[in-house]
Amino acid sequence: MTRHQKSLSRRTVLKSSVALTSMLAAPGLLRAEPAPVKVGLLQPISGAFALDGDLAKIGAEFAIKEINDAGGIKALGGAKLELVIGDSRSNAEAGAQATEELQSAGVAAVLGGFASGITLTATQTAARYDLPFVVDCAVADTITDRGLKNTFRFNPNFSMATAVALKNLVKLNDDAGKPIKTVAIVHEDGLFGSGLAKIMQEKLPPLGFQIVETIAHPTPARDMTNVVLRLRALNPDLIVPSHYFNEFVLMARTLQQQRVRPKGIYAVFGGAASSYRFVNEFPEAAQGVMDCNHWGDPKSPITAKLRETVTAAGKFYAYNTPINYSLVKVFAQAVEKAGSADRAKIIEALAANEFDSGIMPYGKTKFDAKGQNSSALPLNTQVQGKDIKVIYPAEYADAKPVFPING
Amino acid sequence: MTRPRLSTLAIIVAALAVVPLAGLSGSLLNLMIFMMIIALAAQGWNILGGYAGLSSFGHAAFFGAGAYAMVVLQTRFGVNAWIALVIGIALGALVGAFIGFLSFRSGLKGSYFALITLAFAEVARILANSTNFTGGAAGILLKLQTGLPYLQFADRRYFLLIALGFVAIGLLVSWWLEHSRFGAYLVALRENEQAAQALGVDVFAVKMKAIAISGALTAAAGCLYAQNYLFIDANVAFGSWISIEALFAAIVGGSGTVIGPLLGAIVLLGLGELTKMVSGGIPGMDLLVFGVILVLSVAYSPNGLVMLMKSLGLRAPAKAREA
Amino acid sequence: MYSPQIVVEALLNGLMLGAIYALIALGLTLIYGVLHIVNFAHGALLTVAMFMVWLACARYGLDPYLAILFVAPAMFALGYGLQRFIIGPASHGKDNGILLVTLGLSIIIENALLAAFQSDTRTITSDYSFKVVELGPLLLSFPRVVGFGVTIATTILLWLVLHQTDIGKAIRAVAKEKLGASLVGISVPHVYAMTFAIGCACLAVAAGLLMPSFYVSPKTGAAFVLVAFTIVVLGGMGSIPGALIGGLLIGVVEAASSLFLGDSLGQIGIFLIFIVTLLVRPTGLFGARA
C-alpha cells in the first residue's frame, strides 16, 4: 500500500514540476520577479535504476529549496532555481530523449546522468545544443575523454577512484601490520567489474599483493556457490569484489554459508557494500565489508538532515542524495559567477572557477581542461554494526577501521 | 494480400519527409529518427517472419552486427562512415546467411527456429561483451564530428531524411517481393512448405536469400542507430529489446505486408510516448501497453493494423480476409 | 589444480542446482509435449510464483517451503485461466500465434510486476538460508539439498499423475493424438489448460525451493528461462525424464565449466550445447518426435 502512495506522490511532483515549467514559461507573467533559472536533472526515475533516481531527486530538491529560501541567485536579482526533471528510464536512448526534452524545456544546464551508458549518450545530445552538463556519479573515464566542451564531471572517475582505493588499501594493510598477502578478485563481466579487475591485476602485484585468482561471473548470476568454492580452495587473505547489488548479496550470503572467512572484503564502487539496505537485511553477512565509493562528508550536519529526509520517505540512504545535493550547489555558484543564466557563460564559469563542493569531500571543486573535477575523491567506508562508517581518509573518518575482520 | 501501388508508397514517404521541414522540436525529431530506425529493423524482420513465415526471436544478431561494424570500422580502422555503412549492411547479410545456413540445413522452423535465433543473438551478446576488439563491456563510442563525410549532421533533419531514405528502400524491397516470383515462393513456403517443394521450389535457396535480405535491412537499422546515438554496448546492440521491438512493430502493423512494419513502428512508439506521459513515473507502463497490444492484435487482428484498416472499410476487398 | 573435495562439492552443488533447473524445465517440456508450443511466458510466470512466495513469507510470515502449499494451487489456477481464456482463444490455434501471445504475456507480466513492485530486489531470510548439511568434510547448502529431494519427489508425482489418473491419461491421449482424443469425448481445451496449469504448479514448487537462497525482482525469471529452454531441447521437447536428466546434466556441466573456465564462459557453454543440440539432434536425448 505504502508503495503505491509513494509512486503516486512522485507522479504528482513530476506533474506539478511540468505544470510549473509551462506556467512560468508564459511571457509577461510576474514581471516584477526575475525570471527563474531552470535546472534540468536527468535521472532514472523509472526502470531498473529507479531507486537511485529517487534518491538523487531528494538531494537535488533539498538543495534547490535551501538556495531559494536563502534568496535565490543574488547575481540575478534573487532569481529562483527551478528543477525540471528528465526521466532517463534507465536506458541510453531514453536518456538522449529526455535530454532533448530538457533542452526543449529551456533549462540552463543539465545535472546528473547517473549510469555511464546513459551519461555517454546524454552528454553528446546536450553537446549538440552547447548545453552545459555536469555529471553526478557516472565513472567511465571516457565520459570526459571526448573533448566535449559542455561536459563536466563532479565525481571522481574510475582511474582516480581506483588509485585512491589502492593507496588506502596499502595504508590499511601497513597500519594493521601487513596481514594481507594474497588477494582474489571477483568481478561481474560487465563494464564495471571487468574494468576494475583489469586495473587491479596491473596495480596490485607491484604493491606487494599476490593475486591468486581473478574470477569473472555474468550478471545476473544464478548461483555463487562455484565462485565461493573456488575462493574457499584458494583461501585468499583479501577478496576484492566488484559487482552489482544482487550478486554481491548472493556472494556475501554464500561466503557466510560456506564458512569462508577472509581477513577482509574490500570493494571498489561495491554495489551493496555501501548500501544501508544490505546492512539492514543481512547484518551478519555485511559485517566488516569495506568499500571505496562516492560518499558524503559524514561530519556535515546537512548529511544528517538528508539522511533523515530519505529515511522519512521510507527509503534507504545512499550516495546519490549527497552528490546531487552538492551538484546543485555547485551549479548555483557557477550561475552566480557567470552572472547570467546564459549557457555559454555558465560553461565558461564552470571551466574557470573553483567551487565549494557542498557536502562532498572534494575540498574545492575545480574542473580541469577535460572537464573532470580534479579534486574529486572517493571515501573508504566499512560496515560496522548497523551503520556504514567512513574509515579513510582521516579528515573525514568517523570511525577506526576494524581490520583484519576474522582474526 | 494487399498490394499498395508505388505511388501510394511515394506519397507516404513524401508525407513523412515533409514533417521535419515543419520545424519539429528536438525531442520530436529524435523520436521520429528512432521510429524510422525501428521501422527499418521491423521491415527486415518482416521479410523473414512475415513473408517467409519464419519468426525470428533474435534479429538483434543482425542489428548488432551492423551497429558494431559501423563503430568498430570507424574508430579502429578509420574507415569512412559511408563505407562502414555499406560494410555493416553486407555483414548483416552475411550473419543472416551463416545463421540461415546452419538452421535451414537442419530444417528448423517454428519454435525451433525462434529458439535458435534467440540463442545466436545471446551468444553474440556475450561475445561482444567480453571481447576487447568490440570494446568489451565498456562499449564503444563514436566521436561527435558533424559533416557529410562523417554521416553526422548539425541539423538532425538531414539524418532523419537519410533514415527515411532507408525506410523507403525497405518499402521498395517489400513491394518488389510482392511483385516477384521470389516473393511468391516465400509466401508459398510459408503457407505450405511441402507443397512448395513438390512444385519444384528450391526451398533452401529461397530461405537463404530471405534471411540474407532480412539481415541486411535490420543491420542497416543497427548502423543508423550507432550513428545517431554514437554509443553502443553489447546490451544495446545485441540485447533482446531490439529483437522484440522489430517483431512487435511488424506484427502489430501487419506482418507480410509492405506498409505494416512502418505503420507498426509509428503507432507503437507514438503510443509508448503517450503512455509515458499519461502514466507519469510508473515504471514499465509503456512496455506493458505494448504487450497488451501485441496480444490483442494477435487475437483480433492477426493480419495487423494494415488489414484492420482495410477491413474497417477503407477499401474492403474480399482478398484481405483470406490473406 | 583444485582439491578433490572442492571438485566433488562443486559437482554436487551443480547437480542440486540442476535439479531446480529441471523442475522449471519440467513444466516447459510438459506444455510443449502436449500443446506443441514453446511457452515464452514461462520465465515471467516463475517470477510471479517467486513474488507469491515472497509475499507469503514477508507479509504473512509463512515458511517458504510451507508457502508452496498455497502458491502451487494459486499458480495452478492462474495457469489454467491463462491458457483457457487468453492463450488458447487469442492464438487461434496457430503456432506463430501462440509464440507471439506467450511472448506478449511475458512482457505484460514482467512490466506489471515492475509497476507493482518496482525494480527492487527482494529476499527473504529464513532459518535455513545459511544452514549447511555436513557430509563428512563436505558442506552442502541445506536449501539445495531440500531442492534436490523435492524435485525428485515432484517428478515422481508428476509421472504418477500422468500415468495413474484420468486427467493424466487424457493429457497423454491428447499429446499423442489430438483428434482421436477429441473424438472419444475428451475436451481438448480443458486438457490443454490442465497441462498448462500443472506446468505452472511446478513453477510454484521451484519458486518455493529457490527463495530461501535467492532473490526476486521483476526480471529474475529471465535468468532461468534460457537454461530451461536448453534443458528442454537437450532432453527432448516433451520428454519428462529428458527434462530431469537434462537438468541435472546441465547443472553439472555448468558447475564444471565455471570451475575450470570461469562463470562467464560457462554461460556460452550452455548456449553452445543448446545450438548444437538444435542443429544436430533437435529431438534431443529422449525426444521421439521428429
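At what angle do the axes of helix 2 of chain C and helix 8 of chain C cross, and within what distance do they come?

A: This is a predicted model. Start with the pair in chain C. Helix 2 covers residues 42–58 and helix 8 covers residues 188–210. Their axes come within 8 Å and cross at roughly 50°.

Now the residues that make the contact. Helix 2 of chain C brings C:His42, C:Leu45, C:Leu46, C:Ala49, C:Met50 and C:Val53. Helix 8 of chain C answers with C:Phe196, C:Gly199, C:Cys200, C:Leu203, C:Ala204, C:Ala206, C:Ala207, C:Gly208 and C:Leu210. By class, this contact has twelve nonpolar residues, three polar and no charged.

Chain C also has a hairpin. Strand 2 (residues 132–135) and strand 3 (residues 138–141) of chain C pair antiparallel over four bridges. One bridge joins C:Leu135 to C:Leu138. Two residues lie between the strands, and C:Gly136 in the turn has a positive phi of about 60°.

General point: two packed helices are described by the angle between their axes and the distance between the axes.

Take helix 2 (residues 26–51) and helix 9 (residues 203–229) of chain B. Their axes are 6 Å apart, at an angle of about 165°. Angles over 145 degrees count as roughly antiparallel, so helix 2 of chain B and helix 9 of chain B are described that way. Here the crossing is left-handed. From helix 2 of chain B, the contact takes in B:Asn30, B:Ile33, B:Phe34, B:Ile37 and B:Trp45, among others.

B:Ile47, B:Gly50 and B:Tyr51 of helix 2 of chain B meet B:Leu186, B:Val187 and B:Arg190 of helix 7 of chain B. Four residues of this contact are nonpolar, one is polar and one is charged.

Over all chains, the structure holds 34 aromatic pairs. One of them is B:Phe63 with B:Trp241, an edge-to-face pair at 5.8 Å centre to centre and 85° between the planes. The pair links distant parts of the chain, with B:Phe63 in helix 3 (residues 60–77) and B:Trp241 in helix 11 (residues 240–254) of chain B, 178 residues apart.

Chain A brings open sheets. One has seven strands in the order 7-6-8-9-10-13-14, with mixed pairing. Strand 7 (210–217) and strand 14 (387–392) of chain A are at the edges; each has a single partner strand, so one side of each lacks a neighbour in the sheet. The twist averages 25° from one strand to the next. Within this sheet, strand 8 (residues 238–242) and strand 9 (residues 264–268) of chain A run parallel, joined by two bridges. A:Ile239 stands opposite A:Ile265 in strand 9 of chain A. Helix 6 (residues 191–203) of chain A packs on the sheet, touching strand 6 (182–188), strand 7, strand 8 and strand 9, and its direction makes about 155° with that of strand 6 of chain A. Helix 8 (residues 245–257) of chain A touches strand 6, strand 7, strand 8 and strand 9 of chain A as well, at about 155° to the direction of strand 8.

Another open sheet in chain A has five strands, ordered 2-1-3-4-5, with parallel pairing. Its edges are strand 2 (81–87) and strand 5 (151–153) of chain A, each with a single partner strand, so one side of each has no neighbour in the sheet. Neighbouring strands of this sheet are turned by 25° against each other on average, direction ignored. Strand 1 (residues 37–43) and strand 2 of chain A pair parallel over seven bridges. A:Val39 stands opposite A:Leu83 in strand 2 of chain A. Helix 4 (residues 116–127) of chain A lies across strand 1, strand 4 (133–135) and strand 5, at about 165° to strand 4 of chain A.

How values were computed:
Residues numbered from 1 in each chain as written. Chains lettered and ligands numbered in written order. Predicted model: local features only at pLDDT ≥ 70, side-chain atom pairs only at ≥ 80, totals over all residues. Heavy atoms only, no water. Pairing = 2+ DSSP bridges. Axes fitted to C-alpha atoms, helices over the stretch in contact; angles between N-to-C directions. Contact = heavy atoms within 4.5 Å. Nonpolar A, V, L, I, M, F, W, Y, C, P; charged D, E, K, R; others polar. Phe/Tyr/Trp six-rings, centres within 6.5 Å; stacked < 30°, edge-to-face > 60°. Parallel < 35°, antiparallel > 145°, perpendicular 65-115°, else oblique. Left-handed = near helix turned anticlockwise from the far one by under 90°.
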